[in-house]
Amino acid sequence: MKSQHQETHVFNTRFGIITGLKKDGIIKAKSIRYAYSKRFQKPVPLKHFIYDNRLEDKIPVCPQKLSPLVEKMIGRTPVEEFVPEESTQYLSVNRPGNILENEKLPVVVWIHGGSHEIGCGDLPTADPAEWVKEQHIIVVTVSYRLGLFGFLGGDEKRPPNLGLLDMIEALKWIKINITDFGGDPENVTLLGQSSGGDAIAHLMISKGAAHLFHRVIIQSAPLGLRHNRKKMSAEFLKKTEDIKDEVDVYKMMDDYGKLVPSIMKYGLKAAMPFGVQYGFPPLCNEEESIEQWSENAKRYDVLIGFNNDETAFYLKTSEALNKYFGKGLGLKIMDKTVEKTTDIIYGAPARQFAENYAKGGGNIYFFKIHSNLKENVIGAPHCIDLPLIFGNESAWKSSELLKDIPWERIQKHGRKLRALWAEFARNGTISDSSERPEILELRKIQVLQNDTN
């Protein structure tokens, strides 16, 4: 049983005096505002720490609609612990309780997923305490604007990519201030899952983000949905014009939710109606993106990959689909559909990204996570990597995602995976002699000499 004893720890930083809580060998300085913004305006960096007593026992989150699927598969969202905040530029620093006086620890920056629409940096299911303690690293969790506030836009009154600009401000803050927490500003790794991974891939080619980080870990990024979104985004922007000035953010969330079905005609990419938009700051035009990644290939070390059965998270958990495709020939059709859609959205784009990056001279590793449990009918779906990376059994104990998987198995594989990811974060490489969990395929992408011609 974990100890509930906690005490305060004071950080005297150039940003101001910041108090963290020390518990079970981990110090967490939570909800530090790094920037501020008005609705649909660019973030303005803060010059000093501002104490907000609302956040002593609450978590600031961007207004959002809860996802019934996430509630079912991952667990209940603790809305009673949330404070809705449009200007969601906050971060939390998690570090070991005891470090040497002049020690500089590797820094991992967590960019959460959620289709650019839901979530925040400080959910219990992504609490990095176990990882921080095991691997003696610092993990900074970042919150940023989502949905209508951060990932729509398309004109001067409603600029797009505001969530991406928030992340850049967070990275600038980390670059300047993380030394005061014991972190090494010259050893920063970005870690993102799902839309967080998509955001990180685009931070690699964002103007103003160069030299703010050194490595990236991209997990389950839906890069197959990034193409040809301009027309869909413009139509969605126009449809939401009447609600853009709504004062009641809860009504605003309900109203935009009613508009989402109208863009489903755009096919698979409409499953993620919000996203980064090419051709607007800080991004280049879409047709220039591959060349930009290639040009930056020698700047960042990359670890990219996906789970073997990503879309099972959406398809095999549907009661309606299981009624017809849950057994026999129907199940074979379902399995083939999961395989095909997983490859279209996640697998093939990640492999192509890795190959192009390697041809550009980049240091890149490619991974895939799979399941060997016959009784686990959904295999290795979207989000299965989260409990492996973060642990935290108490947050995941009610998860439908893990109902057929013993927690001891998650921990056994998770410790090995956390060690590998931390090794990459420390030096950008993973030794061939480092222990791999049996659920992981991992290889460095090498380009044959004749492939470079």
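By class, eight nonpolar, six polar and one charged residues line the largest cavity. Here Ala, Val, Leu, Ile, Met, Phe, Trp, Tyr, Cys and Pro count as nonpolar, Asp, Glu, Lys and Arg as charged, and the others, Gly among them, as polar. The model is predicted: local features need pLDDT of at least 70, side-chain atom pairs count only at pLDDT 80 or more, and totals for chains, interfaces and linings use all residues. Residues are numbered from 1 along each chain as its sequence is written, and side-chain values use heavy atoms, without hydrogens and water.

A cavity is a set of points on a 1 Å grid over the protein atoms alone where a 1.4 Å probe fits but cannot get out; lining residues have an atom within 4 Å of a point. His 370, Ser 371, Ile 384, Ile 405 and Ile 439 lie nearest the centre of the largest cavity. Helix H14 (residues 407-427) supplies the largest share of its lining, three residues; helices are DSSP runs of H or I, at least four residues, numbered from the N terminus.

A nonpolar core joins buried Ala, Val, Leu, Ile, Met, Phe, Trp, Tyr and Cys residues through side-chain atoms within 4.5 Å, where buried means under 20% relative accessible area with a 1.4 Å probe, protein chains only.

| Core | Residues | Members include |
|---|---|---|
| Largest | 87 residues | Leu 91, Val 109, Ile 304 |
| Second, separate | 46 residues | Ile 217, Leu 303, Ile 405 |

The structure holds zero disulfides, a disulfide being a pair of cysteine sulfur atoms within 2.5 Å. For Cys 120, the nearest cysteine sulfur, that of Cys 62, is 10 Å away.

Methods. 1 Å grid on protein atoms, 1.4 Å probe; cavity = no way out; pocket = protein on both sides within 12 Å on 5 of 7 lines; lining within 4 Å. Helix = DSSP H or I, 4+ residues; strand = E, 2+ residues; numbered from the N terminus. Buried < 20%, exposed > 50% of the residue type's maximum accessible area, 1.4 Å probe, protein only.
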